[in-house]
Amino acid sequence: MSSVSKEDLRGLKSPSAYQVMFTLLLGYYSVPVYGDKKSFKEFLEDFSKMEREERRNILNNAISVTPLKEEEYMNCLYFCKDANGIRYTKENVSNLTYQEIMHNVVDVCLAVSDCEVFF
């Protein structure tokens, strides 16, 4: 599986990956068992200050409860590469297992959360 860092987030797909992360966080926040008494804005501020593994745990939970469209998955998988160093596209993504897809999307969203963002 491909590891993604914030340095890999370049080009027009980068804002799309940010939107996927934001969608996952909104989905997580909306589930009563995960939701917080704080406002969504406060939740986002707290999230940005969390340790990396805590953010990963939230994103892992978020992706399991938040429906994403195929395009949103692809916007994240674009930043990942297979064992041969080839970026994932619609043509080769079918080789990935469900677990690999979810792990890679979380990995990309975690890289996005390492970036300085405006929330």
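Helix H1 passes helix H4 in a left-handed crossing, meaning that the near helix is turned anticlockwise from the far one by less than a right angle. This is a predicted model, in which local features need pLDDT of at least 70 and side-chain atom pairs count only at pLDDT 80 or more, while totals for chains, interfaces and linings use all residues. Residues are numbered from 1 along each chain as its sequence is written, and side-chain values use heavy atoms, without hydrogens and water.

**H1 and H4**
- The axes of H1 (residues 13-30) and H4 (residues 70-77) come within 8 Å and cross at roughly 120°; axes are lines fitted to C-alpha atoms over the stretch in contact, with angles from 0 to 180 degrees between N-to-C directions.
- H1 and H4 are therefore oblique to each other (angles under 35 degrees are roughly parallel, over 145 roughly antiparallel, 65 to 115 roughly perpendicular, and the rest oblique).
- Lys13, Ser16, Ala17, Val20 and Thr23 of H1 meet Glu72, Asn75 and Cys76 of H4, where contact means heavy atoms within 4.5 Å.

**Burial of H4**
- H4 is largely enclosed by the rest of the structure, because six of its eight residues are buried (under 20% relative accessible area with a 1.4 Å probe, protein chains only; exposed is over 50%, partly exposed in between).
- The buried residues are Glu72, Tyr73, Met74, Asn75, Cys76 and Leu77.
- Their cover includes H1, helix H3 (52-65) and helix H5 (98-113); helices are DSSP runs (H or I) of at least four residues, numbered from the N terminus.

**Asparagine 92**
- Asparagine 92 sits in the loop between H4 and H5.
- Asparagine 92 is buried, with a relative accessible area of 14%.
- Apart from neighbours within four places in sequence, asparagine 92 is in contact with Asp82, Ile86 and Arg87.

Note on methods. Helix = DSSP H or I, 4+ residues; strand = E, 2+ residues; numbered from the N terminus.
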